[in-house]
Amino acid sequence: MILFDLKCGEGHVFEAWFRNSGAYDAQAAAREIACPICGDIRIAKAPMAPRIGKSRQEVEKTETAAQRRAEVMRDLVELRRKVEENCDYVGDRFAEEARRIHYGEVEERGIYGEATEAETTELKEEGIEVGRIPWIPTTNS
């Protein structure tokens, strides 16, 4: 099997596997290859970097990094679940509601929502503790 980077006439680059170089040539000549993005059948090989084998040490480092990323992603998903379970969503009224809580205008409670960078800076300058959490989608779709 061989992997080629391909490019359609609209400029989309994508990968495709072929049994061998001859299989690619035959399918391309018969216009049997279509861009998965736009459906264009004007396909050509795109420039690609050679695939160079990695040493066992490099593979282990890559696997370890991937495992760490997966753990961080799991932790962020769990953090999101806990925040959603225990705090009130206030949407784009976050800065306003954080001020109301800070100044004792409403009962203290955990909140989450959206705030601009400027609103976050202003809240911090007023001595209001806020933090940003990378919000991981609940699904991969």
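Q: Why does glutamate 10 count as exposed?
A: Glutamate 10 has 52% relative accessibility, and the label exposed needs over 50% relative accessible area, with buried under 20% and partly exposed in between (1.4 Å probe, protein chains only). So glutamate 10 makes it into the exposed class. This is a predicted model, where local features need pLDDT of at least 70, side-chain atom pairs count only at pLDDT 80 or more, and totals for chains, interfaces and linings use all residues. Residues are numbered from 1 along each chain as its sequence is written, and side-chain values use heavy atoms, leaving out hydrogens and water.

Q: Where does glutamate 10 lie, and which residues does it touch?
A: Glutamate 10 is in the loop between strand 1 (2–8) and strand 2 (13–18); helices (H or I, at least four residues) and strands (E, at least two) are DSSP runs, numbered from the N terminus. Leaving aside residues up to four places away in sequence, glutamate 10 touches Cys38, Asp40 and Arg42, where a contact means heavy atoms within 4.5 Å. Isoleucine 41 is 31 residues from glutamate 10 in sequence, and their C-alpha atoms are 9.9 Å apart.

Q: Why is glutamate 129 exposed?
A: Its relative accessible area is 79%, so glutamate 129 is exposed. You'll find glutamate 129 in the segment after helix 4. Its C-alpha is 9.0 Å from that of histidine 102, 27 residues apart along the chain.

Q: What makes the pair of tyrosine 89 and tyrosine 112 tilted?
A: Rings of Phe, Tyr and Trp (its six-membered ring) pair if their centres lie within 6.5 Å; planes under 30 degrees apart are stacked, over 60 edge-to-face, and the rest tilted. These two sit 5.2 Å centre to centre with 55 degrees between the planes, and that makes a tilted pair. Tyrosine 89 is in strand 4 and tyrosine 112 in strand 5, 23 residues apart, linking distant parts of the chain. The total is 4 aromatic pairs, and Phe4, Phe18 and Tyr24 form one aromatic cluster.

Q: Why do tyrosine 89 and tyrosine 112 get the burial labels they have?
A: Tyrosine 89 is at 48% relative accessibility, so it counts as partly exposed. Tyrosine 112 is at 17%, so it counts as buried.

Q: How do you know that the buried residues of helix 3 line one face?
A: Those residues are Phe94, Ala95, Glu97, Ala98 and Ile101. Seen down the helix axis, they fall within an arc of 165 degrees, so they line one face of helix 3; the arc is that of the directions from the helix axis to the C-beta atoms. They pack against strand 4 (88–91), strand 5 and helix 4 (117–125). Just after helix 3, glycine 104 takes a positive phi of about 75 degrees.

Q: Which elements each supply at least two residues of the lining of the largest pocket?
A: Helix 3 (94–102) and strand 5 (111–113) do. The largest pocket holds about 620 Å³ of space. Of its 21 lining residues, Phe94, Ile111, Tyr112, Gly113 and Gly131 are the closest to its centre. On a 1 Å grid over the protein atoms alone, a pocket is an open set of points where a 1.4 Å probe fits, with protein on both sides within 12 Å along at least five of seven lines; lining residues have an atom within 4 Å of a point. Grid points are joined across faces, edges and corners, and the volume is the space filled by probe spheres set on the points.
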